[in-house]
Amino acid sequence: MSRNAELFERACRSIPGGVNSPVRAFRSVGGTPRFIERAQGPYFWDADDKRYIDYIGSWGPAILGHAHPEVVKAVQEAAVHGLSFGAPTEAEIVIAEMLIERLPSMEQVRLVSSGTEATMSAIRLARGATDRNKIIKFEGCYHGHADSLLVKAGSGLLTFGNPTSAGVPAEFVAHTIVLDYNDSEGVRAAFDAHGQDIACVIVEPIAGNMNMVKPAAGFLETLREQCTRHGSVLVFDEVMTGFRVGPQGVQGLYGVEPDLTTLAKVIGGGMPIGAFGGKSEIMNHIAPVGAVYQAGTLSGNPVAVAAGITTLRLLSEPGFYETLASHTRALAHGLTSVARKHGVALSTDFEGGMFGLYFSETIPTSLSDVSAGNIEMFKRFFHGMLDEGVYFAPSAFEAGFVSCTHDSDVIDATLQAADKVLATLA
Ligand code: PMP
C-alpha cells in the first residue's frame with residue numbers, strides 16, 4: 001500500500017472524509033488523494049516522495065511559486081515578534097494602503113481571515129448600508145460557504161434558489177435570487193421586478209468555480225448600470241481573481257468599478273487572510289463607526305499580513321504580470337495544439353495566471369456549457385497527468401493556476417506529459 005493510501009485510510013478515521021475541504025478528497029475523479037509533504041516553486045512532493053508540477057497553487061495563493069524565499073523570511077521575522085496581538089499594528093495600515101493604492105475602486109478596506117468571511121461580511125454590509133434584503137448571485141459562482149450564498153437556482157429565470165447544502169433553512173436563502181452567468185437580460189428582468197429590494201449583486205467577474213468562465217461582452221457593464229440605477233451595491237468577488245489575473249484584478253482589465261470588492265488567496269501569499277473594501281461611504285457602515293457588526297480575533301494577523309505585504313510588493317516588480325501571462329499562454333496554447341494533434345476536443349482559456357481547460361469544442365460561457373463538456377474524458381486526463389507527475393485540479397469544475405516559477409522548462413515538461421496522455425484518450 002502506498003503511503004498516500006495509508007494516510008488517507010488513517011485520515012478518514014479522525015477527519016470527515018479524510019480532508020479539511022471537500023474537493024481535496026478526489027471524490028469527483030476517484031482515486032487516492034495525495035498527501036503533500038513539501039513544496040518548492042512550481043512543484044510539490046507527496047507522501048510517497050513523488051514530485052508533481054502543481055497547477056492548483058493552493059487554489060490560487062501561490063502566484064510566486066511555493067515557499068518563495070522572501071515571503072518565507074517575512075513570515076519567520078514576523079513570527080519571532082509574536083503570532084497575534086488582538087490589538088492594531090502598523091503593518092495592517094501598510095497592507096490596507098497597498099490594497100487601496102492598487103485598486104482604484106477601493107477607498108477603505110477591512111481584513112478578515114478567509115474568502116468566506118470577506119463575502120459574508122460584504123453581503124451583510126450591503127444589506128445594512130441599503131436597508132434592503134435581497135441579493136442576486138449567479139449559478140456556478142462560488143462565494144464561500146455562508147448560508148445565504150449556498151444556493152442553486154431553481155428552474156428558469158427569476159426563481160428564488162433552493163439551498164444546496166443540508167443545514168441551510170429555506171428561509172435563509174429566501175432573499176437570494178439566482179440567475180444564469182452572462183445573462184444580461186435576466187439581470188435586467190430581475191431588477192425590473194425587484195429593483196427596490198435588491199441590496200446587492202455579487203459576482204465572480206471572471207468565474208473560477210465552474211472551471212474558468214469569462215464575462216461576455218457587456219455583462220459586467222449591465223451589472224454596473226443596473227446597480228447604479230436601482231441604488232444597489234455591486235460586489236465583485238475577486239477572492240480568486242484579485243492580483244491573479246492582473247495588477248488590478250478583473251476590475252482593472254474590464255474597466256468596470258464595483259462598489260465593494262472581496263479579496264483573499266493571493267493577498268496572503270499562502271497564509272489565511274481575506275479582505276473586503278470599497279467606497280468609504282459604504283465602508284462607514286461597519287462597526288465601530290457604523291451599525292453593521294463585523295469582527296475577528298485573528299483579523300489582521302501579523303504573520304499573514306507580513307506574507308501579504310511581501311507578496312504584493314513582489315507582484316509590483318516591472319514585467320511580473322507579462323511574464324506570468326506568457327507562461328499561462330504557453331500552457332494553454334500548447335495543450336490545445338497537442339490535443340488537436342491527437343484529435344481530442346479540448347479548448348482552453350486563460351487570463352494572467354489563471355486558466356480553464358475544457359473537454360469541449362468551444363469555450364463555455366455558463367455552468368450549463370461547462371456541464372455539457374466531456375467530464376469522463378477529463379477524469380481520464382486528470383489521472384493520466386497525475387501518473388505523469390502533473391497535478392491539475394481534481395474536478396472539471398475548477399480553474400487552474402500558474403505561478404511565475406512555471407517557466408518554459410516546466411511548461412514543456414507538462415506538454416510532453418500531455419502528449420503521452422492525450423494520445424491514449426483519442
Ligand atoms: N470566493 C471565491 C471566488 C472563491 O474562489 C473562494 C474560494 N475558492 C471563496 C470566495 C471562499 O474563500 P475561502 O475558501 O478562503 O473561504
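Lys 265 counts as buried because it has 26 C-beta neighbours inside 10 Å, where a residue is called buried if 20 or more other C-beta atoms, placed from the backbone, lie within 10 Å of its own, exposed if 12 or fewer, and partly exposed in between. This is a predicted model, in which local features need pLDDT of at least 70 and side-chain atom pairs count only at pLDDT 80 or more, while totals for chains, interfaces and linings use all residues. Residues are numbered from 1 along each chain as its sequence is written.

Lys 265 lies in the loop between strand 11 (260–264) and strand 12 (274–278); helices (H or I, at least four residues) and strands (E, at least two) are DSSP runs, numbered from the N terminus. Apart from neighbours within four places in sequence, Lys 265 is in contact with Gly 60, Pro 61, Gly 115, Val 239 and Met 240, contact meaning that the C-beta atoms of two residues, placed from the backbone, lie within 7 Å.

Around the ligand there are 16 residues, of which Ser 114, Gly 115, Thr 116, Gly 144 and Val 239 come nearest; a residue is near a molecule if its C-beta atom, placed from the backbone, lies within 6 Å of it. Helix 4 (residues 115–130) gives the largest share of this shell, three residues.

The protein is divided into domain 1 (3–67 + 318–425) and domain 2 (69–315), with bounds that come from an automatic or database domain assignment. The contact between them takes 26 residues from domain 1 and 29 residues from domain 2.
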